[in-house]
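Let's take a walk through this structure together, one site at a time. Have the viewer open and follow along.

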Amino acid sequence: MASATAPGRPVPRLRGHWLLGSMAAVQADFLGAMLQAHRDLGPVVRVDVGPPGWRETIYSVSSPELASELLAAPERWTKDEPGYRELKRMGDGLLTSEGLRWRRQRRMLAPLLTPRRIGASYVPVIVEEAERVGARWRQAAEAGERVDASAEMLELTSRTIGRILFGAQMDPAVPQIMRWTDVNDEMMRRTVSPHPLPLWIPTPANRRFRRGLREMRAVVDGVVAQRRAQGSAATDDMLDLILGARDKDGTRLSDEEVTDQALVFLTAGHDTTATTLACALAELARHPELQQDVRDELDRELGGRRATAEDLPRLAVTGRFVREAMRLWPASHSLGRAPVEDEVLGGYRIPAGSSVIVFSYALHREADVWEDPDTFDPSRFDVTDPDVVRRQRAAWMVLGSGPHSCVGANLTTIETVLVLATILQHVELTTDTTAEAGPLPVHAAITLKPTGEYLLSPR
Ligand code: HEM
């Protein structure tokens, strides 16, 4: 257990350039450099970025026990760190808020994302949007064309969360929502720069970044203003539920909070799910035998009809496939925190105010928990031994851990399984570009992103 008084040992430091530390390595390949640091130095590592006096130090944690300990205590390990400070530029909604403000928001908003609500209101939208992609990919198959799973999934999830949140009015805004991905990339660049330039300096990158933020907020402001002008609830989408949400004392969210929450759901709700789906589709395409297992299950359980929320418990093979895709390609690769006071974690000293990350990307590749961790193998989850199940649960942190864990967990799990199931009912996937062994091309923006196109050949 951490204690504020024990001194602790210094955290092992990744060796880098004598002046710039590990700046070049981290900026060129954040995921690779940090993973290697953990493999060489252990479960808690220190990485210095930039020259002395101008340096950012990142403490990274990759052990399940230490990660759970840290994430269980949000009053001691807060979100006052560079990544979350960047995200706060969008407003202070449920993802970034803390303390009493967060508690109130979580209480009011979690009921919008229960499995029952998702099954009744959102699943029809999810399946309808996936059907559109499936039908389009069927046509591509007939024309002998390839599809880019990365771009297609970004569009699919943008359309889906847009419709879930705001009803049918979102089509014209889908391109703006999809441009969030540029903001995401730039946020990460700023997060791993020792001292990013202030945003008022009109560099091209700053201008693009500010325009992306502005456009996203404008999309939401426009819909919220229109909805308020309509008066009482005219639709039954998530925005109506946010507008109508009441705390136990009867109070509602302020206008600004409504926009902030809608923005959080819009941004957190599409990019991460798109990455998960793109990676899962690419893994399906390059593992024909595993794809066949999934297809057999879909034939058996659905027999060609549309999937519904009630089918999910029966789609165990598909579920394990998704779980494994999320393990190797965790859309939230790093969860940032900062200790309020000096802390000792796992015997290591971490000074107050440091930037700390729970680095899921390495945690999901810990050889102590995951046998042959770099191999894509969904059958690793086909186990009944309670000890193994417990260890896997503790070490699978795709959706976080502790009080701040993902409020959209049910939505994203249901969406991912249903989209794969629906698309695979239309087409079989093959690939000649991601077929080689080795990792999928991904990189670290604030969330994990596919690098370049994921070209798949439907048939
Ligand atoms: C594959 C998809 C997703 C992944 C991997 C993911 C991952 C995560 C993780 C790891 C956290 C914890 C962050 C931390 O502790 O620092 C989190 C929190 C959160 N997620 Fe998700 N998420 C996904 C989808 C969604 C969706 C669909 C929504 C909403 C519609 C959503 C909304 C949120 C919110 C609001 C929080 C903050 C919760 C709180 O602090 O109370 N996420 N997510």
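Asp237 touches Arg163, Ile164, Leu165, Phe166, Gly167 and Arg227, leaving out residues up to four places away in sequence; contact here means heavy atoms within 4.5 Å. You will find Asp237 in the loop between helix H10 (204–229) and helix H11 (238–244). Helices are DSSP runs of H or I with at least four residues, numbered from the N terminus. Asp237 counts as buried because its relative accessibility is 4%, buried being under 20% relative accessible area, exposed over 50% and partly exposed in between, with a 1.4 Å probe and protein chains only. Its side chain also reaches the backbone nitrogen of Gly167 at 3.1 Å. That is a polar contact, a pair of N or O atoms within 3.5 Å; within protein, one must be able to donate a hydrogen and the other to accept it, and residues adjacent in sequence count only if both atoms are side-chain atoms.

A word on the model before going on. This is a predicted model, in which local features need pLDDT of at least 70 and side-chain atom pairs count only at pLDDT 80 or more, while totals for chains, interfaces and linings use all residues. Residues are numbered from 1 along each chain as its sequence is written, and side-chain values use heavy atoms, with hydrogens and water left out.

Next, look at Thr160 in helix H7 (residues 149–166). Thr160 is buried because its relative accessible area is 1%. A polar atom of its side chain lies 2.7 Å from the backbone oxygen of Leu156. Beyond its neighbours within four places in sequence, Thr160 is in contact with Val125, Ile126, Glu129 and Glu415.

Now move to helix H17, where Leu420 lies. With a relative accessible area of 2%, Leu420 is buried too. What does Leu420 contact, leaving aside its neighbours within four places in sequence? The partners are Leu277, Ala280, Leu281, Leu284 and Val322. The C-alpha atoms of Leu420 and Ala278 are separated by 10.0 Å, although the two residues are 142 apart along the chain.

Finally, turn to the iron atom of the ligand, whose only protein donor is Cys406 (SG), at 2.3 Å. Donors are N, O and S atoms within 2.8 Å of the metal (3.2 Å for Na, K and Ca), and water is not among the atoms, so sites may look incomplete. Cys406 sits in the loop between helix H16 (386–395) and helix H17 (409–426).

Notes:
Helices (H or I, at least four residues) and strands (E, at least two) are DSSP runs, numbered from the N terminus.
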